[in-house]
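Try each task before you read its solution.

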Amino acid sequence: MTPAIIASVETMLEKWKGQEGREIEVLKEFRLLTSEVISRTAFGSSYLEGEKIFAMLQKLTIIMSRNLFKTRIPLISKLWKSADLLESEKLSKEIKDRVMKIVKKREDEVVNGEVNSFGNDFLGLLVNAYHDSDEKNRFSLEDLLAECKTFYFSGQETVNSLLSWIVLHLAIHGDWQENARREVIDIFGNQNPHLEGVAKLKITTMIINETLRLYGPSNGLARAVTREVQLEKLLLPANINILPLYIGVHRDPHFWGDDVHHFKPERFAEGIAKATNYTAAAFLPFGLGPRSCVGMTFGTIETKIVLSMILQRYTITLSPAYIHSPISILSIRPQHEIQVILEPVHHNA
Ligand code: HEM
């Protein structure tokens with residue numbers, strides 16, 4: 001996993017050479033990077049193969065978030081379909097066809113004797129489950145497709161958005177940027193990051209946690225209420241869907257104090273438990289309970305490696321072009337993107 005992440009970051013950094021002193025829009029850069037990482041690590045392919053899928057998922061996300069809070073009348077879609085519904089059905093079909101092509105390619109490699117297993121990356125495990133000889137354990141085609149779509153989306157858009165918000169905060173808070181760089185250089189020098197060192201990145205972890213608190217990529221915790229539940233004064237009837245927003249707890253002064261809206265990574269200096277005063281549900285950027293994020297460790301390691309490799313090479317300042325306007329399109333995104341200026345770091349490690 002680490003070599004694949006490092007190789008993808010190196011491709012990005014190679015492109016950045018010669019851009020020093022010029023404005024770079026990082027959301028777009030990190031979108032390509034995180035797409036490449038998830039394509040390589042989970043699907044054993046390059047970004048180019050997944051490019052169309054990412055673009056279509058992107059469009060589907062926008063349509064979904066536009067319609068998230070619209071009331072649907074049961075069965076009406078059998079008689080009449082809105083333009084959004086028609087478009088999303090078309091996109092879903094195209095995504096399905098493209099994912100099937102990637103799956104078929106993996107199957108053909110085994111059938112043609114080029115390799116002797118479906119592989120042990122994420123796609124390989126899914127294709128194995130799809131071919132399981134035991135019918136009880138076998139994955140259906142729908143399961144396989146749904147898992148691929150979830151992974152493409154969750155593995156990419158989240159880390160992309162987190163990295164972009166972190167870079168924004170480091171550009172604004174030069175002291176934290178310098179602290180993080182010093183830590184990275186102390187641990188890795190000029191060398192590429194390694195897992196042992198990644199585990200020692202304390203300041204970077206504090207910065208990541210504080211960014212997740214203020215601008216965590218996920219909006220809220222979608223849940224179906226299956227039976228009537230009383231939550232203090234609130235009575236939730238059965239058979240409704242709810243979306244408690246993380247922003248409610250992540251920016252509640254009751255848990256975080258009057259400086260709740262300020263970027264203060266020092267809150268996390270003694271860990272998450274201490275920062276939340278031992279209230280686990282006050283900080284839940286990766287969800288909570290049995291359906292919490294399966295990619296948490298992966299996403300965090302990826303974020304640390306990318307940041308380390310950038311901080312080793314560049315100082316980051318905010319471009320005057322930046323306009324602060326976060327919007328919610330399933331995840332919290334910078335509406336007008338994030339423009340920064342990079343300058344080479346000179347150090348003797
Ligand atoms: C900073 C990065 C990430 C954040 C903030 C994040 C956040 C979340 C959240 C809030 C959920 C819903 C949890 C719940 O309903 O309780 C979730 C689910 C999920 N995430 Fe992540 N995620 C991140 C990165 C990743 C990555 C890199 C992957 C894959 C490699 C991934 C794969 C998934 C999957 C498959 C689920 C669905 C789990 C299930 O339904 O059982 N996530 N994530």
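**Exercise 1. Find which helix gives the most to the shell around the ligand.**

Solution. Start with the helices (DSSP runs of H or I, at least four residues, numbered from the N terminus). α7 gives the most, with seven residues. Both α7 (141–172) and α14 (296–313) supply at least two residues of the shell. Next, look at which of the 24 residues around the ligand come nearest: Leu-221, Arg-223, Tyr-246, Arg-291 and Cys-293; a residue is near if one of its heavy atoms lies within 4 Å.

A word on the source: this is a predicted model, where local features need pLDDT of at least 70 and side-chain atom pairs pLDDT 80 or more, while totals for chains, interfaces and linings use all residues. Residues are numbered from 1 along each chain as its sequence is written, and side-chain values use heavy atoms, leaving out hydrogens and water.

**Exercise 2. Identify the protein donor of the iron atom of the ligand.**

Solution. Search for donors (N, O and S atoms within 2.8 Å of the metal, or 3.2 Å for Na, K and Ca; water is not among the atoms, so sites may look incomplete). The only protein donor is SG of Cys-293, at 2.3 Å. Then place Cys-293 in the chain: this residue is in the loop between α13 (272–275) and α14.
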